Amino acid sequence: MLIGKPDAIKSSEITPESVYKQRRLFMQGAAVALVSLSTGSASALTQYEFEDGWPTYPGPEWKRPLLAAAQLNKQFSTSEPVAPYPSVITHNNFYEFGLGKEDPSRLSQSFVSDPWSIEVEGEAAKTGRYNLEDLLKESELEERIYRLRCVEAWSMVIPWIGLPLATLLKRFEPNSRANFVEFVTLEDPEQMPGQRSAFGSLDWPYVEGLRIDEAMNPLAFMATGVYGQSLPPQNGAPFRLVVPWKYGFKSIKSIVKIRFLEEMPAVTWNRSAPREYGFYANVNPAVDHPRWSQATERRLPSSLFSPNIIDTLPFNGYAEEVASLYAGMDLTAWF
Amino acid sequence: MVLSNKAQKRLTWWAFFIGAMCPLLLLVLSTVVGKLGADPAKEIVLELGLWAAVMLWLSLAASTLRRRVSFSWLMRYRRMLGLYAFCYAVLHFLAFATFIVGWRIDLLVQELVKRPYIVVGALAIIMLVPLVLTSTKGMQRRLGRRWVSLHKLVYVVALLVLLHIVWMVRASYFDAVVFGGLLLLMYGDRLRFEYLKYKSKKV
């Protein structure tokens, strides 16, 4: 169903009305969730309204109906207020596009994320090259509102759209030797200015990984949308990991390769500074980063004179769902 | 229009005074109009720290430039630059304590003793205090030669600041390379100068 649109908007900027209505709005750029029709644990996709002037990301044609059909998964969603849309699309760590928080949103807008293919390798029956479109078309997408806690001690609440990681990985039929799964970001210095930097200390491409039982945990999520629309480039278009109980750098963006491995993969930050970034990187207020405390976090947006500084929770508040994965492990040693 | 020498001096003084304050004014302005993004706390702390270091490096550059290219003009503003470095550094610390730690004293104390880069940063600010207190012309006169020795402390302060910068490196060496490179040049020049002075005395 389409509702009348203002004529002034170019067709290229129009986002399906079923997803949200773009309209002038509200205090401080806050997006307001208009939840409708809740039944049981799932309810219709949250609808968002944006302030004028902010770019929107409807995504490729084939993806729009998939996004629109997504339902909010209440069981895995927090009811905390979501971060304002402008914060979500301009406050990004995506070093492939620069080190400043606003670099990714400035420098990634012409990034090509469709068509997109993903290489699946290693200990699985169905390895090979897959088109993202094909992978997503046979999936049912859902919305999940997760807390994201950055290792730099800030956090946001973000409404993702995607599918459980386990649902995706099982399609490739990993075998019994697949103890770990590794993810690799696109390496393309032409499109990614951060990969051309002469002073960088990180090796490209960016690599992350999970233990297979972590990857199969129902909380682990693969996102292809955010805020009711397609994933913007700065947020990791077209396809990114979201592991909300781990520091944000684990949630690798713009994935082009998935490898099932017997041994623990060497992941980017851990290789760069092993004392500071562990493989597990579970959110843990009791284990400081060597250079700053992890006991608290700034929940963004945080205003200056009443800073929203809150205590950080073990596993970012998801202990109930994931603490059992680490039973018997010394989390100070395996940080 | 021809300005008298005195008026001209006064004008440059004000230009310098306001110029060095501009980064602060711009920062306040960006904060007020909400241009600092989703995490203004971090931006403010980083920006104030950057300008503290820039002012300190400029104050060091004053004597290097005088020796090297008899460019003595900056020398007149060395005190002002040093005082600005101190102001920016104190604001940098206050912003950190207010916006990042929220004045939770337990956390603040913990940060001040546990993090090497914060320890050296704090030490640098503390070491600037005696220099600030003795920065007046009166003190300079009263202390005489000892003033010169005391103010050599600034070389240690700059090294601590460089360490502070190097220990903050995460994904880019840019700041460390730029500030370190400039310091190396200035210290190298200073050492060479001292060496030549020493040699000419011996002869």
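Q: How many salt bridges are counted between chain A and chain B?
A: A salt bridge here is a side-chain nitrogen of Lys or Arg within 4 Å of a carboxyl oxygen of Asp or Glu. Between chain A and chain B the count is five.

Q: On what basis are residues named and values computed?
A: This is a predicted model, in which local features need pLDDT of at least 70 and side-chain atom pairs pLDDT 80 or more, while totals for chains, interfaces and linings use all residues. Residues are numbered from 1 along each chain as its sequence is written, chains are lettered from A and ligands numbered from 1 in the order written, and side-chain values use heavy atoms, without hydrogens and water.

Q: Which residue of chain A forms a salt bridge with B:Lys114?
A: The closest N and O atoms of this salt bridge are 3.0 Å apart. The partner of B:Lys114 is A:Asp288.

Q: Which three residues supply 30% of the area that chain A buries against chain B?
A: Contact means heavy atoms within 4.5 Å, and 32 residues of chain A are in contact with 29 residues of chain B. Buried area is the accessible area (1.4 Å probe) that two parts lose on being put together, summed over both; here it is about 2,500 Å², with 55% from carbon and sulfur atoms. More than any other three residues, the suppliers on chain A are A:Phe199, A:Arg291 and A:Leu304.

Q: Over which ring does the charged end of B:Arg170 sit?
A: The rule asks for NZ of Lys or CZ of Arg within 6 Å of the ring centre and within 35 degrees of the ring normal. B:Arg170 is 5.0 Å from the centre of the ring, which belongs to A:Trp269.

Q: What is the geometry of the aromatic pair of A:Tyr280 and A:Tyr326?
A: Rings of Phe, Tyr and Trp (its six-membered ring) pair if their centres lie within 6.5 Å; planes under 30 degrees apart are stacked, over 60 edge-to-face, the rest tilted. Both residues are buried, that is, under 20% relative accessible area with a 1.4 Å probe and protein chains only (exposed is over 50%, partly exposed in between). With centres 6.0 Å apart and 90° between the planes, the pair is edge-to-face.

Q: Which residues does the ring cluster with A:Tyr280 and A:Tyr326 contain?
A: Ring pairs make the links in this cluster. A:Lys250 lies over the face of one member, A:Phe279, at 4.2 Å from the ring centre. The cluster consists of A:Phe180, A:Phe279, A:Tyr280, A:Phe315, A:Tyr326 and A:Trp334.
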